[in-house]
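Hi,

Here is the structure I promised to pass on.

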Amino acid sequence: MTQTEDRIPLSTEDTPLVPIEKIVSLCKRRGFVYPNSEIYGGVSGIYDFGPLGVELRNNIRRYWWWSMVQTNDNVVGIEGSIITHPRVWEASGHVDSFVDRLVDCKNCKRRFRVDHLPKENLEQNKCPVCGGELTEPRTFNLMMETYIGVVEGERMKTYLRGEACQNIYLDYDNVLKSSRMQVPFGICQIGKAFRNEVTPGNFLFRQREFEQWDLQFLVHPSEMQKWFEYWKARRFEWYKGIINHTDRLHFREHGPDELAHYAKQAFDIEYRSILGWQEWEGIHWRQDWDLSRHSQFSGQDLSYTDPETKERYIPWIVETSGGVDRTFLFLLLDAYEEEPPSDKDKEGRTVLRLHPWFAPVKVAVLPLQKNKPELVTTAKDIHKRLQRLMVSQYDDVANIGRRYRRQDEIGTPFCVTVDFQTLEDQTVTVRERDGMTQIRLHIDELPAYLLERVRWDYNA
Ligand code: ATP
């Protein structure tokens with residue numbers, strides 16, 4: 001994580017892994033994430049995002065978009081629809097083979113994905129939790145079906161997209177014709193995907209409706225290896241740049257039995273949390289598989305002609321595919337800390353050490369006392385001024401210590417306190433979340449001071 005002068009480096013190895021229940025509870029309590037349709041008993045694997053959650057989510061999305069699309073001259077973005085022609089999913093192989101194999105424990109009734117079972121349990125047909133006997137594997141397709149049209153008999157069955165990236169292949173030719181992009185270049189997209197996951201769980205980690213971000217980078221076959229290495233390294237640095245505990249990030253290379261037949265290699269960027277090492281993003285060697293398949297199924301020629309050499313070929317593709325929701329969850333797991341009482345904070349506190357880029361609220365403006373109209377008016381004026389530049393929150397409920405703690409818990413990087421001295425010399429206290437350091441600044445200096453510290457930065 002890039003450190004501003006105020007940020008203090010964190011110890012990493014000795015920080016305990018955060019139980020997921022703490023994050024679930026914080027998310028519900030403070031309005032980050034709610035269970036979907038809760039008043040009807042909920043739907044497994046589907047969530048809603050509350051007032052703070054939507055801010056965090058938007059910041060995550062915008063930062064990815066900015067660093068992948070807007071700061072790269074050789075990358076453009078699209079936003080494709082969730083519903084496409086059903087043939088898309090035949091061409092992609094999802095209709096036939098987007099399946100999970102599943103076993104149930106006859107004793108404790110728990111359900112497991114075969115590919116997630118430890119090897120010895122699979123060999124001995126034994127439940128990893130209670131040791132009971134497992135059923136024969138059953139196969140389930142993960143695609144969610146839907147229908148287009150209203151008249152029975154004319155309705156067309158199709159699917160909610162199982163992965164967002166298919167739109168990129170479908171729009172590749174349009175992008176080529178409508179922009180001045182030339183191979184090598186990339187197309188990005190962020191969008192919802194839907195999977196009838198057989199074992200949803202672990203909060204946002206495995207959902208049935210979730211959001212993916214993809215880069216599909218199109219290259220000449222002779223340059224595939226070079227670009228694969230390039231994006232693999234860049235994406236790893238990107239993730240390293242947004243977390244505190246950088247020792248919790250690594251690559252896992254896919255073994256030969258995991259690789260798709262067209263893939264020479266594949267790597268997952270994994271994060272270590274209480275869930276163990278788990279995939280955050282995949283870097284995939286897709287070769288010409290997708291464009292060739294869509295050429296074949298649609299009958300459209302999707303080859304590319306090099307404007308200089310006139311060589312005609314189907315571009316090969318490097319894919320980097322990650323999840324907005326896993327980023328949301330892993331950022332919270334990475335940032336959450338319960339600090340014991342200290343000289344600086346007698347009661348101890350829960351603090352979300354989120355990067356200021358992502359913090360849902362950038363600054364809280366607090367009058368020292370609520371019953372002093374001059375303090376309240378000045379604080380509200382400052383809040384209104386800052387609100388034009390960043391997300392600012394005005395808060396005058398409870399004593400100042402409690403208000404600081406409330407902001408720490410949602411990751412607000414700065415609190416501005418208006419006190420009696422403000423009325424005399426127009427200065428305020430600026431308290432920084434991580435080190436709890438305080439400085440005094442003139443009100444007019446605030447916007448530049450804060451903007452410099454919450455603005456995006458990215459060294460690609
Ligand atoms: P897994 O092996 O965990 O099922 P996957 O390899 O099928 O994941 P991809 O199809 O490569 O995942 O999807 C790209 C990214 O989308 C993943 O790295 C992950 O961040 C995210 N993702 C995939 N499935 C889910 C899900 N059910 N819930 C939330 N995010 C998901």
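Let's start at the ligand: β10, β13 (276-287) and β16 (316-323) each supply at least two residues of the shell around it. Helices (H or I, at least four residues) and strands (E, at least two) are DSSP runs, numbered from the N terminus. Strand β13 gives the most to that shell, with four residues.

Before I go on, some housekeeping. This is a predicted model, in which local features need pLDDT of at least 70 and side-chain atom pairs count only at pLDDT 80 or more, while totals for chains, interfaces and linings use all residues. Residues are numbered from 1 along each chain as its sequence is written, and side-chain values use heavy atoms, with hydrogens and water left out.

Back to the ligand. It is surrounded by 17 residues, and the closest are Arg195, Glu197, Arg206, Gln207 and Glu279; a residue belongs here if one of its heavy atoms lies within 4 Å of the molecule. By type, the shell has four nonpolar, six polar and seven charged residues. Here Ala, Val, Leu, Ile, Met, Phe, Trp, Tyr, Cys and Pro count as nonpolar, Asp, Glu, Lys and Arg as charged, and the others, Gly among them, as polar.

Which polar atoms sit by the ligand's oxygens? A polar side-chain atom of Glu279 lies 2.6 Å from an oxygen atom of the ligand. A polar backbone atom of Gly323 is 3.0 Å from a ligand oxygen, and for an N or O atom in the side chain of Arg113 the distance to a ligand oxygen is 3.5 Å. The protein covers 84% of the 600 Å² of accessible area that the ligand has on its own (Shrake-Rupley method, 1.4 Å probe; for residues, only the protein chains shown count as cover).

Strand β10 (residues 209-219) also holds Gln216. Is that residue buried or exposed? Gln216 counts as buried because its relative accessibility is 0%; buried means under 20% relative accessible area, exposed over 50%, and partly exposed in between (1.4 Å probe, protein chains only). Its side chain makes a polar contact with the side chain of Tyr169, at 2.8 Å. A polar contact is a pair of N or O atoms within 3.5 Å; within protein, one must be able to donate a hydrogen and the other to accept it, and residues adjacent in sequence count only if both atoms are side-chain atoms. Not counting residues up to four places away in sequence, Gln216 touches residues including Phe185, Arg286 and Glu319 (contact means heavy atoms within 4.5 Å).

In helix α8 (residues 289-298), Asp290, Leu291, Arg293, His294 and Ser295 are buried. Their cover includes α3 (87-91), α6 (166-178), β10, β13 and β16. After α8 comes Gly299, with a positive phi near 80 degrees.

Next, β19 (residues 363-367). Five of its five residues are buried, so this strand is largely enclosed by the rest of the structure. Val363, Val365 and Pro367 point one way, and Ala364 and Leu366 the other. In a regular strand the side chains alternate between the two faces of the sheet. Strand β19 runs parallel to β20 (residues 392-394), joined by three bridges (strands pair if DSSP finds at least two bridges between them). Ala364 has Gln393 as its bridge partner in β20.

Last, Pro16 lies in the segment before α1 (20-30) and is exposed, with a relative accessible area of 63%.

Cheers
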